[in-house]
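These are my notebook entries on one structure. I record what I looked up and what I found.

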Amino acid sequence: MQRVAVLTEPDHVVLEDREVPEPGPGQVQVHVRAVSVCGSDVHYYDHGRIGGFVMHAPLVLGHETSGVVSAVGPGVTAPAVGTRVAVEPQAECGRCAQCRQGRYHLCPDIAFFATPPVDGSFAEYVVVPAHRAHPVPDALSDEAAALIEPLSVALHAAAKADIGPGSRVLVSGAGPVGLLCLQVALARGASAVVVTDVMALRREAAAEYGATATVDANDHETGLAAVGRTLGQADVVLECTGVQPAIDLAVAATAPAATVVLVGTGATVTLPLDVVQARELVVKGTFRYAHVYPAAIDLAASGRIRLDDMVTSHHPLEDAVGALLAARRDPMALKAVVHPSRS
Ligand SMILES: [Zn+2]
Ligand SMILES: [Zn+2]
């Protein structure tokens, strides 16, 4: 048997004993070492849903996962038992139109960890397709290997934005994903990356992670003027808040023909059609990622992305709730990590 932490209803997590899942053909079993908490986990904990994704049954949270391959199913030649891996938490159907065109993350039948009804990795063991268990070098800690997941979100967004040498980038929001987008934009050669946030502590963090400048987003007019002084007009916006005033500021700060990538999740927001049209802005949505785990692992192993520094607390599985509440208890908390196999 293994222990798992189950969200039975909003605000209620219990430890349960469950059967250890056995790997089927083409699958591997991973002994979970580290699971970093994502805003989406916290959202399910608070509300039992995110937009159209609704929990109708108990759900195991956690999708930012690393561990060690502990068993392999029939037909699996790699990765071998004992390999340290970052787990890409999605399994696609492989047959639909989106899968056949390489956009497996948009597969309508995708099974993604901790998205109802699929259980996540607040568990001692998980089973995943062998090709979604990506080997990591010793240079990456277990925590960093878990953080390959949100780094993949940032890499996918930066690729959509086509950030390259000379790009002038505005990152809207200095939470964990914003800080990763900042680091990825710098790694891709952006000449300036300005980060906005309403919280002074978050702006300080952005400065520490290499932002060219940071801007207080509390007031639209002074914020816009400050972006103008420090960045000029943005060629690229990576919007990581999903919040209306932040989106308004970011769109106002764009250069003509700029690309605005919407990374932060939100409900319905408005965009100024006159600005989008007059500047011929390109507005793009992003959803998770595809094909980026190996590149994210290499980039992190190169030392150009600081992942371990983003880990601000560690929790045994018994304290999954403490991990979920960490960001609420401490405004400087970035990433809480659950260690299901230690206690
Ligand atoms: Zn996440
Ligand atoms: Zn599919």
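**Entry 1: zinc ion (ligand 1)**

How are the donor residues of the zinc ion (ligand 1) spaced in sequence? I read the spacing as C-x24-H-E. The pair Cys 38 and Glu 64 links distant parts of the chain, 26 residues apart: Cys 38 is in the loop between β3 (27-36) and α1 (39-47), and Glu 64 is in strand β7 (residues 64-72). I note that helices (H or I, at least four residues) and strands (E, at least two) are DSSP runs, numbered from the N terminus.

The model is predicted; local features need pLDDT of at least 70, side-chain atom pairs count only at pLDDT 80 or more, and totals for chains, interfaces and linings use all residues. Residues are numbered from 1 along each chain as its sequence is written, chains are lettered from A and ligands numbered from 1 in the order in which they are written, and side-chain values use heavy atoms, with hydrogens and water left out.

I then looked up the protein donors of this zinc ion (ligand 1): Cys 38 (SG), His 63 (NE2) and Glu 64 (OE) lie 2.2 to 2.5 Å from it. Donors are N, O and S atoms within 2.8 Å of the metal (3.2 Å for Na, K and Ca), and sites may look incomplete because water is not among the atoms. Cys 38 is buried, with a relative accessible area of 19%, and Glu 64 is buried at 1%. Buried means under 20% relative accessible area, exposed over 50%, and partly exposed in between (1.4 Å probe, protein chains only).

**Entry 2: zinc ion (ligand 2)**

I found the zinc ion (ligand 2) coordinated by Cys 93 (SG), Cys 96 (SG), Cys 99 (SG) and Cys 107 (SG), at 2.3 to 2.4 Å. Their spacing in sequence is C-x2-C-x2-C-x7-C. Why is the arrangement around the zinc ion (ligand 2) tetrahedral? The arrangement is tetrahedral because the 4 donor atoms subtend angles of 105 to 115°; four donors count as tetrahedral if all angles lie between 85 and 135 degrees. Cys 93 is buried, with a relative accessible area of 19%, and Cys 99 is buried at 13%.

**Entry 3: salt bridges**

I searched the whole structure and recorded 14 salt bridges. A salt bridge is a side-chain nitrogen of Lys or Arg within 4 Å of a carboxyl oxygen of Asp or Glu.

Glu 64, already listed as a zinc donor, forms a salt bridge with Lys 335, with the closest N and O atoms 3.0 Å apart. This pair links strand β7 with strand β20 (residues 335-339), 271 residues apart. Both Glu 64 and Lys 335 are buried.

Asp 119 forms a salt bridge with Arg 18, and their closest N and O atoms are 3.0 Å apart. Asp 119 lies in the loop between β10 (111-112) and β11 (125-129) and Arg 18 in strand β2 (residues 12-18), so the pair ties together parts that are 101 residues apart in sequence. Asp 119 is partly exposed at 29% relative accessibility, and Arg 18 is partly exposed at 25%.

**Entry 4: helix α4**

Helix α4 (residues 148-160) has 13 residues. I found α4 mostly covered, as 11 of its 13 residues are buried; among them are Ile 148, Leu 151 and Leu 155. Just after α4, Asp 162 takes a positive phi of about 55°.

Note on methods
Tetrahedral: all angles 85-135°; square planar, octahedral: opposite > 155°, others 65-115°. Expected span 1.5 Å × (residues − 1).
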